[in-house]
Structure formats: structure tokens, C-alpha cells
Amino acid sequence: MSPKVKDALRQYWPLVWLAPFGIIMVAAVVLIAITIRETPLVQDFMTTYPGHTELPESAPVGFPAWLGWAHFLNALMLLLIIRSGWMVRTVQRPDAYWTRNPAIPFRTRNSPKKISLDLWFHLSIDVLWVINGVVFFVLLFLTGQWMRIVPTSWEVFPNALSTAIQYASLSWPTDNGWVNYNSLQVLAYFVTVFIATPLAVITGLRMSPLWPRDADRLNKAYPIEWARAIHFPVMLYFVLFIIVHVALVFATGILRNLNHMYAMRDDESWWGLWIFAASVVVMIGAWLAARPIILRPIAQLTGKVTKN
Amino acid sequence: MRIIALIKQVPDTGGERRLDLTTGLLDRDASDKIIDEINERALEVALAYKDANKGTEVVVMTMGPEDATGTIRKALSMGADSGIHIADASLVGSDSAWSAEVLAAALQREQFDLVVAGNESTDGRGGVVPIMIAERLGLPAIGSLDSVELSDGSVRGERATESGSMTVSSALPAVISVTERAAEPRFPNFKGIMTAKKKPIGVLSLSELGLSEASGGRSVVLSTQERPARTAGKKIVDDGSAAAQLADFLAAERLI
């Protein structure tokens with residue numbers, strides 16, 4: 001065997017046992033869930049906690065167009081943020097560097113720091129992402145849409161457990177996302193929007209050149225090492241969330257679900273799917289366009305792009 | 001004005017570079033082949049003048065294997081007008097003197113006001129070829145310029161000396177080489193990349209230059225050795241004698 005093949009084998013060896021192990025684990029969870037679901041105790045529990053909590057009377061029904069837009073822009077920018085962040089982390093010799101023009105957008109006391117074009121792209125999309133997020137938050141609270149994704153009673157936890165049992169026992173909840181999410185969804189969306197997102201922003205900000213470098217007391221209270229330790233796992237959370245989210249959206253009534261978020265309608269027409277498909281085309285286009293030859297001229301608008 | 005920039009295909013310093021241990025020649029397939037960065041800077045000096053002075057023509061010239069066309073295309077995409085590629089199987093493993101002789105012969109066929117080169121390549125690091133070319137052409141040469149000011153009939157610039165720097169100048173035509181401080185190379189843009197495909201590249205063989213063999217002797221690589229693996233450094237823990245140990249170390253390495 002050539003050394004290359006040996007290396008590859010060594011590298012992928014865990015997969016040889018991890019894959020069957022994973023399948024067995026999933027099968028075991030499903031079997032256990034089906035078994036306990038039949039017991040009177042769990043039956044009783046699931047009657048008390050059907051898997052979703054009642055919404056306040058004033059909760060809106062359905063989704064407005066701004067939410068669809070915010071969702072699409074968020075998906076697009078999250079994709080680019082993860083990609084560029086991954087490059088910031090892995091690329092050892094960046095293709096180009098960017099130094100901010102000291103007068104754009106405003107003069108600062110410290111001279112601008114030279115950063116890689118990958119980091120410039122990461123930070124630029126971050127800014128757009130945060131703006132989109134601020135608009136989303138403001139509208140979310142102005143329109144009462146927040147009630148859909150913020151738990152308003154502790155019963156969300158037993159209900160989420162109930163939903164989890166329903167998913168695990170392959171007898172999936174038949175809920176109506178147009179009106180009310182199931183409790184597992186509420187928790188997942190709440191964690192993503194109100195915990196993971198602020199964490200990503202605050203840890204990213206700590207590592208960015210925007211952070212005050214000389215604020216000694218602040219920097220001692222919030223060391224950059226913490227930010228480094230948290231930022232990456234938060235990205236992993238987002239990736240995991242996206243995989244599970246997309247998989248469940250597809251598996252639990254793809255046409256209706258996509259209509260909710262992409263066509264703002266509650267039926268089984270094909271509108272949502274086509275708009276979603278178009279959004280995927282835009283995302284692929286953005287992914288392909290995010291290369292140095294296109295990024296350089298854009299970066300040059302606000303600074304100097306150099307090879308070293 | 002007509003400026004000829006000399007460029008060279010070199011292995012990317014970012015990767016592992018290898019010599020063929022039996023022939024002593026560069027193993028070109030072991031790493032990415034790129035235009036030497038110092039040549040990009042030399043070319044930038046020429047292109048900057050071209051940007052400011054309409055009617056300037058910038059030609060790039062290289063001597064190298066067939067696939068060195070790639071480095072010429074890169075230079076053309078940055079803005080050079082045409083390329084000259086000296087490609088001949090018998091030039092494999094050519095030393096500095098022989099390379100300079102060939103390049104000088106090719107330059108003699110051309111009209112030019114200035115030849116601009118890098119001060120030394122990242123692979124050979126000889127740094128003598130530009131001066132040898134000037135000698136063969138009987139032209140003034142200024143080596144290792146940190147800055148270049150080009151005007152209609154003369155070139156001037158600053159070069160570092162052991163104790164400071166000096167400003168030197170020469171009438172044109174002349175041969176100069178530049179250091180990495182001379183210019184920050186531009187990136188090719190879309191238009192440059194597209195038009196580079198249509199720009200002419202002339203290919204020359206040795207016989208077309210009227211050469212067949214080096215006029216002097218040829219350097220031959222006698223032996224090649226793999227670089228020994230790096231050994232771990234020595235850690236000095238201060239038990240009271242660290243200063244003396246450090247001093248001894250520096251003395252042993254002849255650094256003090």
C-alpha cells in the first residue's frame with residue numbers, strides 16, 4: 001500500500017466504525033422512544049403536554065414579507081460568514097491583504113491594521129448581517145412576531161420533551177407552523193436567535209480590529225481567549241442547526257413549510273419551493289463570486305489591497 | 001519609451017521546494033510554478049511609468065521551460081504589452097553566466113531604453129544576472145534600487161549601502177535591478193486577464209539567437225544533499241547561570 005493510501009486510511013478509519021455505531025445508536029433511540037411511548041405514564045404525559053404551548057391572544061398568525069426577506073438575507077449572509085470565517089481560520093498564506101483607508105469611514109486614533117482579504121470579507125458580511133439582525137429584532141418586537149419564538153411559560157420544556165419523543169418514535173407531530181411552532185422548534189429558534197447570534201457577535205467583535213485595544217480593564221474582564229474559545233463552537237452550532245432545520249423543513253411538509261417562509265402563504269402550492277430554489281441559486285452564485293478577483297476591487301473602495 | 005522587464009518562473013516559496021538529488025537540478029514538479037514576486041515588483045516599476053506616460057511599451061522577457069508561458073501570461077495580465085519567451089531544451093540547468101549570455105543575446109535583437117529586473121530570484125538567489133547582462137550589452141547598470149525615478153533620458157534612484165543609502169543615476173539606455181522595497185505589485189483585474197490571452201508572445205530558440213554553447217565554461221552541480229531535519233532548540237532554565245549560558249551560546253555561534 002502506498003503511504004498516501006495508508007494516510008487516508010488512518011485519517012478516515014474512525015468513519016469505518018463511527019458510521020455503523022451511529023446507525024445503531026439512532027436505531028436504539030428510535031426503539032426506546034417507540035417502546036416508552038406505549039407506556040401509560042408517557043401516554044399520560046403526552047396528553048398533558050401535547051408538544052406545544054398556547055400562544056397569547058395577541059400573537060400574530062402567519063408571516064409578513066419582511067420576515068421572509070430577513071430570513072433569506074440571513075441565510076445568504078450566514079453562508080458567506082461561515083465560509084469566510086473558515087478561510088480566516090485555515091488559510092495560511094492569504095491571497096491578499098486589505099488596509100483601511102485611514103479616512104474611510106472615519107478617522108481613528110490608531111492607524112488602521114492590515115488584515116487578510118478573507119478577514120475583510122468576513123467582517124464586511126458581519127456588518128451587513130448585524131444590520132439585518134437589528135432590523136429583524138426591531139420589527140420582531142414591533143409586530144409581536146417575537147411571541148412565536150420566545151417561550152412565554154416554563155411548560156415549553158416538558159412540551160419540548162414531548163415533541164422530542166414524537167420525533168424520536170417516528171410519529172412526527174402534525175403541527176401548524178403558520179400559527180404556532182411546536183415547543184422544540186420554539187426552543188431551537190430561541191436559542192439560535194437570542195443566544196447563539198449574540199454570542200457569535202460579541203465574541204467576533206472581541207477578536208475584530210473594532211474592539212478597543214487599549215481598554216485594559218475591559219480587556220482583563222473579558223479576555224480575548226474566551227472569545228476565541230467560544231466563537232468556533234458557536235459556528236459549529238449554527239452548522240448543526242442549519243442541517244437539522246433544513247432537513248426537518250423538508251421532511252415535515254416541504255411545500256407548506258416553504259410557502260410559510262418564502263411565499264407568505266399557508267397552502268400547498270409550489271410558490272414557496274420555487275422562490276426557495278431561486279434563493280439557493282443566489283446563494284450558490286454568491287459563494288462562487290466570493291473570490292479574490294471580485295472581492296479585491298470592492299475592498300479597494302475603502303482601502304488598499306496589497307499582496308503582502 | 002520601451003521597457004523590457006525580465007521575469008523568471010520559480011517554485012512557490014510557500015510550499016516545499018526540492019532539488020533532484022541525482023542531477024542537482026530543481027525539481028520543478030515538486031511545487032507550484034509562479035512568477036517570482038520580485039519580478040512582479042520590477043514589472044510594476046515599468047507599468048507605473050507606462051500608466052503615467054502614454055506611448056510607453058512594456059515587454060516581458062523570460063528564459064525558461066515550455067510552461068513558463070504561464071508566468072508571461074501573468075505579467076501580461078498585469079499590464080505588459082507583449083512577451084518574449086526563450087525556450088530551448090539545451091538551456092536546462094543553465095548557470096548565471098550562461099543565462100545572462102542568452103538573455104543579452106535576446107535583448108540585443110530588441111530596441112529598448114531600460115531593462116528592469118529583480119535584484120535576485122527566490123530560487124537561485126545569485127543576484128548577478130542583471131549585472132552580467134549589462135556587462136555583455138556594454139550598458140550602465142544600477143543594482144538593487146530601493147526606489148526608481150524614471151524620466152525621459154535617465155533613471156535615478158536610491159540604493160542601500162552598508163552604512164546608509166546613496167542616490168545614483170544613469171543615462172538611458174541602462175539595466176537596473178530593484179529590491180522588494182521598490183514597488184508594490186498590482187493585481188491583475190478582469191480586463192487584464194481577458195486581454196492577456198490576446199497579447200503576442202514571441203518564442204525564441206537558441207539557434208535563432210545564433211548561440212549553441214556557452215562561450216565560457218559551464219558550472220556543473222557536483223553533489224546535492226537533502227537539508228538535514230531541524231533539531232530541537234535548547235531550553236535554558238535560569239538557575240543563576242542563564243546569562244553566562246546565553247553569552248556562551250552567542251559566542252559559540254560567533255554572534256558576539
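This is a predicted model: local features need pLDDT of at least 70, side-chain atom pairs count only at pLDDT 80 or more; totals for chains, interfaces and linings use all residues.
**Exercise 1. Confidence**

Find which scores the model has and how chain B averages in pLDDT.

*Solution.* Then turn to chain B, where the average pLDDT is 91 and 100% of the residues score at least 70.

**Exercise 2. Helix α4 of chain B**

Take helix α4 of chain B, residues 129-137, and work out which residues are buried and what covers them.

*Solution.* Step one is to list the buried positions: B:Val129, B:Pro130, B:Met132, B:Ile133, B:Ala134 and B:Leu137. Step two is to look for their cover, which includes α3 (96-108), β6 (114-118), β7 (141-150) and β10 (174-178) of chain B. Step three is to check the backbone just after α4(B), where B:Gly138 has a positive phi of about 70 degrees.

**Exercise 3. Two helices of chain A**

Describe how helix α4 (residues 117-142) of chain A packs with helix α12 (residues 292-300) of chain A.

*Solution.* First, get the geometry: the axes of α4(A) and α12(A) are 11 Å apart, and the packing angle is about 70 degrees. Angles of 65 to 115 degrees count as roughly perpendicular, so α4(A) is roughly perpendicular to α12(A). Next comes the handedness: α4(A) passes α12(A) in a left-handed crossing. Now pick out the residues that meet. From α4(A) come A:Leu117, A:Trp120 and A:Phe121, and from α12(A) come A:Pro292, A:Leu295, A:Arg296 and A:Ala299. Finally, sort the residues of this contact by type: six are nonpolar, one is charged and none is polar.

Technical notes. Residues are numbered from 1 along each chain as its sequence is written. Chains are lettered from A and ligands numbered from 1 in the order in which they are written. pLDDT is the predictor's confidence in each residue, from 0 to 100. A residue is buried if 20 or more other C-beta atoms lie within 10 Å of its own, exposed if 12 or fewer, and partly exposed in between; C-beta atoms are placed from the backbone. Helices (H or I, at least four residues) and strands (E, at least two) are DSSP runs, numbered from the N terminus. Two residues are in contact if their C-beta atoms, placed from the backbone, lie within 7 Å. Axes are lines fitted to C-alpha atoms, for helices over the stretch in contact, and angles run from 0 to 180 degrees between N-to-C directions. Angles under 35 degrees count as roughly parallel, over 145 as roughly antiparallel, 65 to 115 as roughly perpendicular and the rest as oblique. A crossing is left-handed if the near helix is turned anticlockwise from the far one by less than a right angle, and right-handed if clockwise. Ala, Val, Leu, Ile, Met, Phe, Trp, Tyr, Cys and Pro count as nonpolar, Asp, Glu, Lys and Arg as charged, and the others, Gly among them, as polar.
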